[in-house]
Amino acid sequence: SQPLELRLNVERHELRNGLQILTLEDHDLPVLSYYTFYRVGSRDENAGATGIAHLLEHLMFNGARRYGPKEFDQVLEANGGFGNAYTTEDMTVYHESVPSDRLKLIVDLESDRMVHLQLTEDGLAKERNVVKEERRLRTDNSVTGGVFELLHATAYTAHSYQWPVIGWMSDLDQITIEQTRAFYESYYTPENAVVVIVGDFDTDEAIRLLKTFYGPIRSRGT
């Protein structure tokens, strides 16, 4: 039998500030998915500040300039969408699925927090507690989680993969707002991100929207 060949008409675009965009139109259903990949994960952390990439993922939902604290999810869900995020050793990813006529809203939401994230002591304290509880649940009180953490720490003796994505508890306790802000400003930049849009949308219209909302964001080199 012949192997299954899957051909996808993915188009690649790039803005002047370095933001890369991949688009794939599929008009079977009136919905679209929007992913933002940042090239930063736990491997980019330093000893003493492990877990900061994942902690910042949580803080990304705490408000920016155009959308205040907790408004990101509220606005998204009020418009028939849903989203989430995750952090790995190599990347941090934010994703949303919405009705196809809400593309402009998602572009507005994501571009806002790429550059205008509000980082406060109060927000850091609240999300630190959430992450610490997540660590207790998945690692400290889990035999499987503890074994995998020990395995990585033993296998990677000279690589940042040795510490867990969620970080060591002692580091989570001492991460400062200054460290968090510096991490955000270093890695949450257009040239360090890839936006992927799949679903029921017009590519030309989407690129115009991204140029309007992301275009003014400066890269680190400008």
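**Pocket, core and a buried serine**

The largest pocket is lined by 21 residues, with Arg138, Thr139, Pro164, Val165 and Ile166 lying nearest its centre. The model is predicted: local features need pLDDT of at least 70, side-chain atom pairs count only at pLDDT 80 or more, and totals for chains, interfaces and linings use all residues. Residues are numbered from 1 along each chain as its sequence is written, and side-chain values use heavy atoms, leaving out hydrogens and water.

A pocket is an open set of points on a 1 Å grid over the protein atoms alone, where a 1.4 Å probe fits, with protein on both sides within 12 Å along at least five of seven lines; lining residues have an atom within 4 Å of a point. The volume of the largest pocket is about 400 Å³. Helix 1 (52-59), strand 4 (82-87), helix 4 (121-140) and helix 5 (143-155) each supply at least two lining residues. Helices (H or I, at least four residues) and strands (E, at least two) are DSSP runs, numbered from the N terminus.

The largest nonpolar core has 47 residues. Such a core joins buried Ala, Val, Leu, Ile, Met, Phe, Trp, Tyr and Cys residues through side-chain atoms within 4.5 Å. Helix 3 (residues 103-115) gives the most to this core, with six residues. Tyr34 is among the residues with the most contacts inside the core. Beyond four places in sequence, Tyr34 is in contact (heavy atoms within 4.5 Å) with residues including Leu103, Ile197, Leu210 and Tyr214.

Ser219 lies in the segment after helix 8 (203-214). Ser219 counts as buried because its relative accessibility is 12%; buried means under 20% relative accessible area (1.4 Å probe, protein chains only). Beyond four places in sequence, Ser219 contacts Asn17, Pro190 and Glu191.

Methods
Points joined across faces, edges and corners; volume = space filled by probe spheres on them. Buried < 20%, exposed > 50% of the residue type's maximum accessible area, 1.4 Å probe, protein only.
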